[in-house]
Amino acid sequence: MGRLATELVQDGTALGFTVAVAESLTGGLLAAAITSVPGASAVFRGSVTAYATEIKASVLGVDADLLARQGAVDAEVARQMAEGVRRLFGASIGLSTTGVAGPTEQDGKPVGLVYVGYCASGRPTAEELHLEGDREAIRAQTVLRALSRALKRDQR
C-alpha cells in the first residue's frame with residue numbers, strides 16, 4: 001500500500017491534481033494509506049467514512065431509491081459515492097469503496113464482492129472485484145485496487 005500511496009501523492013503534487021475518498025467497507029483505511037505519506041496535504045482533500053447506508057445518501061448524495069432497491073453493495077452506488085465525494089471536497093478525483101468484507105454475506109451479496117468507484121472529469125466508473133481471504137485481506141486488497149485505479153486516472 002505504501003508504495004502506491006507514495007506514488008499517488010508524488011503524482012498529484014507534480015501534476016496538480018487532488019483526491020478525496022468515500023469509504024464504506026474499508027472504514028478509513030484508504031484515507032489512512034494516503035495520509036501516511038509525507039506531503040499528502042498537497043493532494044488529499046478529505047474523506048467520508050459512510051459506513052451506514054443512510055450516510056451514503058445524506059452526505060454523499062447517493063440516490064436513496066437506488067440504495068433501497070439495490071442495497072449499498074452496487075456498482076452505481078460506488079459511482080455515485082465517488083462523484084459525491086469529489087463534489088463535496090472539490091477534488092480532481094473522487095474514489096470510493098463499497099462491498100462485503102465478511103465474515104458473512106450482506107443483503108444477499110457474497111463475501112468478497114467489492115466495487116471501487118472512480119470519478120474525475122466525465123462519467124464516473126466502478127470496477128467490480130471478487131476478492132478472497134478474510135475480512136482484513138479483503139479490505140487491504142480493496143485499498144490497493146483503489147490506489148491503483150487512481151494512478152490510472154487517464155483511463156476510463
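This is a short chat about a predicted model of one protein chain.

Trainee: How many helices and strands does the protein chain have?

Mentor: Six helices and five strands. From the N terminus on, the order is α-β-α-β-α-α-α-β-β-β-α.

Trainee: And what is the radius of gyration of the chain?

Mentor: 14 Å. The globule rule gives 15 Å for 156 residues, so the chain is as compact as a globular protein of that length. The C-alpha atoms fill a box of roughly 45 × 30 × 25 Å along the principal axes.

Trainee: What share of the residues is buried?

Mentor: 50% of the 156 residues.

Trainee: Let's go inside. Which residues touch the most other members of the largest nonpolar core?

Mentor: Leu8, Val19, Val21, Leu30, Ile34, Leu95 and Leu147, out of 31 residues in that core. Helix H6 (135-151) is among the elements giving it two or more residues. H6 gives the most, with six.

Trainee: What is Leu147 in contact with, leaving aside its neighbours within four places in sequence?

Mentor: Met1, Leu4, Ala5, Leu8, Leu30, Ala33 and Ile34. There is also a second, separate core of 13 residues, including Val48, Leu60, Leu67 and Val77.

Trainee: Switching to H5. Which of its residues are buried?

Mentor: Val77 is one of them.

Trainee: How far apart are the end C-alpha atoms of H5?

Mentor: 22 Å. At 1.5 Å a residue, its 15 residues should span 21 Å, which agrees.

Trainee: What happens at the start of H5?

Mentor: A side-chain oxygen of Asp74 comes within 2.9 Å of the backbone nitrogen of Glu76. After H5 comes Gly90, with a positive phi near 60°.

Note on methods:
Residues numbered from 1 in each chain as written. Predicted model: local features only at pLDDT ≥ 70, side-chain atom pairs only at ≥ 80, totals over all residues. Heavy atoms only, no water. Helix = DSSP H or I, 4+ residues; strand = E, 2+ residues; numbered from the N terminus. Expected span 1.5 Å × (residues − 1). Buried < 20%, exposed > 50% of the residue type's maximum accessible area, 1.4 Å probe, protein only. Polar contact = N/O pair within 3.5 Å; in protein donor to acceptor, adjacent residues only side chain to side chain. Core = buried A, V, L, I, M, F, W, Y, C linked by side-chain atoms within 4.5 Å. Contact = heavy atoms within 4.5 Å. Rg over C-alpha atoms; globule rule 2.2 N^0.38 Å.
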